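Subject: Structure handover

Hello,

Please find the structure below, for you to look at alongside this message. My notes on it follow.

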Amino acid sequence: MDYKKLSKAILDNVGGENNIESATHCVTRLRLKLKDESKVDTVAIEGLDGVIGVAKASGQYQIIIGQEIEGVYKAFSDLFAHSKLQGQEVASENYIPDKSKGLKGYLGNALDIFISCFTPLVPIIAGSGMIKVLCTLLVTFNLLNRDSSTYQLLNMIGDGVYYFLPVMVGYTAAKRLNVDIFLSMVLGAIMIHPTLMNLAGENHAAFTSLAGIPVKIVDYSAQALPVILTVWLAKYVDMFSEKISPKLVKVFLRPMLTLLIVAPIMLAVIAPLGSILGDYFQAFANLMNQWGWIAVGLNAAFFPLLVLTGMHNALIPLIITMFASQGFDAVLIPSGLIANIAEGGAAAAVALRAKNKATKSVAASAAVSAVLGITEPALYGVNLRFKKPFYAVLFGSLISGSIAGIMGLTAYTFVSPSLISLPIFTGENSNIMTAILCAALAFFITFGLAFVFGINEEQDT
């Protein structure tokens with residue numbers, strides 16, 4: 001694939017550099033925030049070699065690339081002579097809600113900000129999670145003792161990302177909201193400073209005080225929402241501090257004033273409020289756990305629809321909250337595994353039934369990609385294209401997800417679910433054999449349904 005050529009074509013067809021407010025990417029998609037979508041030639045973009053499809057969600061124009069996204073994003077970024085598109089994400093001062101859309105515009109923008117603060121952290125969370133999986137496997141095969149210093153240190157390495165999550169979210173929120181990065185990271189660090197918990201004392205007091213203002217004592221490690229809200233406040237307070245600070249002493253007075261204003265508000269108001277909202281997240285997670293196999297089946301059936309609309313990333317904050325608070329996920333990641341494997345099963349059925357050699361080749365390749373965790377080629381290029389296989393995916397995911405829930409399939413770390421990440425399901429309630437069996441059921445049940453439903457190549461659209 002010629003990344004530069006494809007990127008140039010995409011840029012031309014989205015209205016040029018001046019029509020782009022921000023750009024980022026996930027595992028398979030180039031995600032653009034555009035000023036005017038009427039300038040976009042969607043038909044031309046969908047016809048480009050290397051583009052799987054286009055989706056619009058959360059105020060983003062999403063161009064689905066697939067496994068080549070890293071190369072395309074880099075080439076796309078390099079097209080700008082003075083680009084701000086560096087790294088995983090680019091923020092823009094103009095990235096504000098569309099007032100013409102009223103409450104919907106504000107809520108959509110808030111959700112987009114919330115999600116984008118987590119998305120860049122997913123790779124390091126996944127990598128750290130696999131270290132915890134390694135620890136579990138070493139203990140399972142009696143190669144390591146849980147009481148050994150080696151196990152405890154390795155486990156600490158895997159847990160570090162969760163403990164210091166407020167600091168890292170402080171960084172991503174600063175990038176997203178265009179706030180001083182180090183100021184935001186310091187605010188995150190304040191939330192996990194040991195002094196806060198030490199003030200609880202032996203009596204485990206629920207409150208302490210700051211200049212007479214009550215401060216609730218909460219363990220904010222692994223908390224993210226309070227930091228995002230605090231960084232949002234810091235953006236405006238820092239503007240005020242910048243404005244009133246004399247140039248002679250601005251270098252220290254500006255951050256000093258910002259911290260003295262924002263940190264107490266964070267500790268007394270925002271952080272406890274964010275913690276309460278986090279408790280609601282956890283209550284929702286507990287409710288899904290109580291629903292058991294019903295929740296897994298329903299989530300598995302809806303997951304392809306979320307991917308179709310590009311809204312699957314909205315689950316990331318909830319998944320991270322689950323792992324940070326309870327250490328496992330018995331609903332969302334198991335549902336994702338079932339749905340991903342089901343996409344592969346349906347595509348494999350198309351490959352077997354199709355008469356056109358090109359269709360067979362595309363479907364076979366998409367099936368392999370789907371079971372390895374990249375489902376867009378199967379979803380857009382095969383199953384949705386022939387419609388009936390997509391219906392098979394929905395029914396197959398519902399049936400297989402329900403069975404997986406009954407079998408107690410549980411993920412113990414946050415990694416994109418696929419055949420190569422099945423060890424993440426090894427723990428107290430399930431093991432790799434459970435995961436293999438559930439994956440096999442998802443594949444063959446959906447394969448059978450798609451094969452029976454059939455395809456009509458003459459109505460290929």
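**T434 and its helix**

T434 lies in helix α18, which covers residues 432-453. Helices here are DSSP runs of H or I with at least four residues, strands are DSSP runs of E with at least two, and both are numbered from the N terminus. The model is a predicted one, in which local features need pLDDT of at least 70, side-chain atom pairs count only at pLDDT 80 or more, and totals for chains, interfaces and linings use all residues. Residues are numbered from 1 along each chain as its sequence is written, and side-chain values use heavy atoms, with hydrogens and water left out.

Is T434 buried or exposed? T434 counts as buried, because its relative accessibility is 13%; buried means under 20% relative accessible area, exposed means over 50%, and partly exposed is in between (1.4 Å probe, protein chains only). Leaving aside residues up to four places away in sequence, T434 touches M407 and L409. Contact means heavy atoms within 4.5 Å.

**The chain overall**

The protein chain holds 18 helices and six strands. Of its 461 residues, 50% are buried. Among contacts with a separation of 6 or more, 71% are between residues 24 or more positions apart.

**The sheet**

Four strands form an open sheet in the order β1-β2-β4-β3, and their pairing is antiparallel. Its edge strands are β1 (20-25) and β3 (53-57), each of which pairs on one side only. On average, neighbouring strands in this sheet are turned by 20° against each other, direction ignored. Two strands count as paired if DSSP finds at least two bridges between them. In general, strands of a sheet pair through backbone hydrogen bonds, either parallel or antiparallel.

β1 pairs with β2 (residues 29-34) in the antiparallel sense over five bridges. I20 stands opposite L34 in β2. Helix α3 (residues 69-78) packs on the sheet and touches β1 and β2, with its direction at about 150° to that of β1. For such angles, axes are lines fitted to C-alpha atoms (for helices, over the stretch in contact), and the values run from 0 to 180 degrees between N-to-C directions.

S22 has K33 of β2 as its bridge partner, and a hairpin of three residues joins β1 to β2. On the β4 side, β2 pairs with β4 (residues 60-64) over four antiparallel bridges, and L30 has I63 in β4 as its bridge partner.

How many of the six residues of β2 are buried? Six of the six are, so β2 is largely enclosed by the rest of the structure. R29, R31 and K33 point one way from the strand, while L30, L32 and L34 point the other way; all are buried.

Helix α12 (residues 293-309) has 17 residues and reaches 25 Å from first C-alpha to last, close to the expected 24 Å. The expected span is 1.5 Å times one less than the number of residues. α12 has a kink of about 30° at F302, shortly before the proline P304; the bend at a residue is the angle between axes fitted to the seven residues ending there and the seven starting there. Buried residues of α12 include A295, V296, G297, A300 and P304.

Helix α17 (residues 388-406) has 19 residues and reaches 27 Å from first C-alpha to last, close to the 27 Å expected. Among its buried residues are P389, F390, G396, S400 and G405. The cover over the buried residues of α17 includes α12, α14 (332-353), α16 (376-386) and α18. Just after α17, G408 takes a positive phi of about 80°.

**Aromatic pairs**

Rings of Phe, Tyr and Trp (its six-membered ring) pair if their centres lie within 6.5 Å; planes under 30 degrees apart count as stacked, over 60 as edge-to-face and the rest as tilted. By this rule there are six aromatic pairs. The ring centres of Y163 and F164 are 4.9 Å apart and their planes are at 75°, so this pair is edge-to-face. Y163 is partly exposed at 39% relative accessible area, and F164 is partly exposed at 45%.

F443 and F444 also form an edge-to-face pair, 5.2 Å centre to centre with 80° between the planes. F444 is exposed, with a relative accessible area of 55%. Ring pairs link F443, F444, F447 and F451 into a cluster.

Regards
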